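Subject: Structure handover and findings

Dear colleague,

Please find the structure below. My notes on it follow directly after.

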Amino acid sequence: QMKLVESGGGSVQAGGSLRLSCIVSGYRFNGNCIAWFRQAAGKEREGVAAINTGGGSAVVTDSVMGRFTISQDNAKNTVILQMNSLKPEDTAMYYCAAKQGFCGYGSSAWSYRYNYWGQGTQVTVSS
């Protein structure tokens, strides 16, 4: 049973940076799709970024392109979401999620069923 634990959320001012981490345990790290989703109050959940842990290829949604970067640390079984130039509209609960196999291409990454979810970490960006 895969377990995901997020950390790194917090409160920052617009233009600031945060680094979210998702530690994966209980299952092999490579060969999965690990993704970050977010859900703001009163809004639907949306996919932010995803990475194929087998090869490192990534998908990033348009609204964060150029500001957010997803990467992996194989030695620590961790997926990292580096968030720069944060905006108030980035305020949300951020969740790490995982599924076996390939992430898919582009926005199709968000249409798959992700079997494993973390508890979430809150990101708040003030103007």
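The notes below cover the disulfides, one asparagine beside them, and the strands.

This is a predicted model, in which local features need pLDDT of at least 70 and side-chain atom pairs count only at pLDDT 80 or more, while totals for chains, interfaces and linings use all residues. Residues are numbered from 1 along each chain as its sequence is written, and side-chain values use heavy atoms, with hydrogens and water left out.

Disulfides

A search of the whole structure gives two disulfides, a disulfide being a pair of cysteine sulfur atoms within 2.5 Å. With the bonded cysteines of the chain numbered in sequence order, the pairing reads 1-3, 2-4.

Cys22 belongs to strand S3 (residues 18-25) and Cys96 to strand S9 (residues 92-100), so the pair ties together parts 74 residues apart in sequence. Strands, like helices, are DSSP runs numbered from the N terminus (strands: E, at least two residues; helices: H or I, at least four). Both Cys22 and Cys96 are buried; buried means under 20% relative accessible area, exposed over 50%, and partly exposed in between, with a 1.4 Å probe and protein chains only.

The other disulfide joins Cys33 to Cys103, S to S 2.1 Å. Here the torsion about the S-S bond is about 105°, so the disulfide is right-handed. The pair links distant parts of the chain, 70 residues apart: Cys33 is in strand S4 (residues 32-39), and Cys103 is in the loop between S9 and strand S10 (116-117). Cys33 counts as buried because its relative accessible area is 0%, and Cys103 is buried at 0% as well.

Asn52

Which backbone atom does the side chain of Asn52 reach? It is the backbone nitrogen of Cys103, at 2.7 Å. This is a polar contact, that is, a pair of N or O atoms within 3.5 Å; within protein, one must be able to donate a hydrogen and the other to accept it, and residues adjacent in sequence count only if both atoms are side-chain atoms. Asn52 is part of strand S5 (residues 46-52) and, at 7% relative accessibility, is buried. Leaving out residues up to four places away in sequence, Asn52 touches residues including both Cys33 and Cys103, where contact means heavy atoms within 4.5 Å.

Strands

Strands S1, S3, S8 and S7 make an open sheet of four strands, in the order S1-S3-S8-S7, with antiparallel pairing. Two strands pair if DSSP finds at least two bridges between them. Strand S1 (3-7) and strand S7 (68-73) are at the edges with a single partner strand each, so one side of each has no neighbour in the sheet. S7 is joined by six bridges to strand S8 (residues 78-83), antiparallel, and Thr69 stands opposite Gln82 in S8.

Strand S11 (residues 121-126) has Thr121, Val123 and Val125 on a covered face and Gln122, Thr124 and Ser126 on an uncovered one. S11 pairs with strand S2 (residues 10-13) in the parallel sense, over four bridges, and Ser11 is opposite Thr124. S11 also pairs with S9, in the antiparallel sense and over three bridges; Ala92 is opposite Val123 there.

Regards
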